[in-house]
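Student: Hi! Could you walk me through this fold while I have the model open?
Tutor: Happy to, let's take a look together.

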Amino acid sequence: MLANDPFDRRTGDDGIEVWVAQVGPFANVNTAFIDRATNTVVIVDPQNAIKWLSALEKENLKPTHVIITHTHRDHVGGVKKLLKSVPEIELIGHSKSNYSNLLSRVLFQQLNYTQTWEHEEHTMEKWQAGGITLHVTHSPGHAPGHLTFHGHGVFHAGDLLFTARSGRVDLPGGDAESQWRSISFARNTLLSLPQDWWLIPGHNYEWIDGTKPIWVTIADALTHNKALNSPTLEEFNNLDFIRFDDDLAA
């Protein structure tokens, strides 16, 4: 946990730090991008505010931006307290991520973004804060308005991809074809990136050897991830983890 555990960290030649840690009871994996030169701290999907605030305070840092892959409650559990503790935080996500179906409020949390991305499905935009530059891809399928982020040596996949599989498609707002198209787009992106970059999943689920790493290299994900290696929609639809009645669905 953040309060006790060091993070997995990497620092690029540009000085941007990346911190990765598992947080909370649902094995969520959070990422932070840190530029100490400008005191910019960008957290992806903060599950627990107290643990993030405590860890950052120890290094005289505080969050400046929160960016959201999607608004399932397990991914945004720390947002409210972060905003209360640091009111000037910028909160950013895709406009379509605030899913309006009233019957789905138990799963989704409505967020009051200070800024939204509006780009179309399976397209990418560049975003900058301080010295941090991220490429933001609209990757729906698991949830409306789902985003992935990559830059500074990592690809944060949210629930588009886990280390060895992908997010489910049968929750409200989910769609198998959109998920498969998002994964196909992600595969092309991953093939274009340095293969020693880290793929960071939305949850720390089992890898092919039975361990539960909080990241794997892009090369290993491209080789072993079952969803990334399903070249047709039919093959993807037959995977044993994308729906509730499948043993591995999550």
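**Strands, rings and cores**

Tutor: Strand β3 (residues 28–35) and strand β4 (residues 40–44) run antiparallel and are joined by five bridges. Strands here are DSSP runs (E, at least two residues) and helices are runs of H or I with at least four, numbered from the N terminus. Two strands pair if DSSP finds at least two bridges between them.

Student: Which residue in β4 does Thr31 stand opposite?
Tutor: Thr31 faces Val44 there. By the way, this is a predicted model, where local features need pLDDT of at least 70 and side-chain atom pairs count only at pLDDT 80 or more, while totals for chains, interfaces and linings use all residues. Residues are numbered from 1 along each chain as its sequence is written, and side-chain values use heavy atoms, with hydrogens and water left out.

Student: OK. In what order do the strands of the open sheet come?
Tutor: The order is β1-β2-β3-β4-β5-β6-β7, seven strands with mixed pairing. The edges are β1 and β7, each pairing on one side only.

Student: Switching to β10: are its residues buried or exposed?
Tutor: Five of the five residues in β10 (147–151) are buried. Buried means under 20% relative accessible area, exposed over 50%, and partly exposed in between (1.4 Å probe, protein chains only).

Student: Which way do the β10 side chains point?
Tutor: Leu147, Phe149 and Gly151 point one way, and Thr148 and His150 the other. In a regular strand the side chains alternate between the two faces of the sheet.

Student: What does β10 pair with?
Tutor: Strand β9 (residues 132–138) pairs with β10 in the antiparallel sense over four bridges, and His135 has His150 as its bridge partner. On to β11 (residues 154–158): three bridges join this strand to β10, also antiparallel, with Phe149 opposite His156. β10 and β11 form a hairpin with two residues between them, and His152 in the turn has a positive phi of about 55°.

Student: How many aromatic pairs are there?
Tutor: A search of the whole structure finds seven. Rings of Phe, Tyr and Trp (its six-membered ring) pair if their centres lie within 6.5 Å; planes under 30 degrees apart are stacked, over 60 edge-to-face, and the rest tilted.

Student: Why is the Phe7 and Trp52 pair called stacked?
Tutor: Because the ring centres of Phe7 and Trp52 are 5.6 Å apart and the planes are at 25°. Phe7 is in the segment before β1 (8–11) and Trp52 in helix α1 (residues 49–57), so the pair ties together parts 45 residues apart in sequence. Phe7 counts as buried at 9% relative accessibility, and Trp52 is buried at 0%.

Student: How is the Trp117 and Phe149 pair arranged?
Tutor: That pair is tilted, 5.8 Å centre to centre with 55° between the planes. Trp117 belongs to strand β7 (residues 115–117) and Phe149 to β10, so the pair ties together parts 32 residues apart in sequence.

Student: Last topic: which residues touch the most other members of the largest nonpolar core?
Tutor: Leu161, Leu190, Leu199 and Phe236, out of 25 residues. Such a core is a set of buried Ala, Val, Leu, Ile, Met, Phe, Trp, Tyr and Cys residues joined through side-chain atoms within 4.5 Å. Helix α3 (176–192) gives the most to this core, with five residues.

Student: Is there one core or more?
Tutor: A second, separate core of 21 residues includes Val20, Val42, Ala129 and Leu134.
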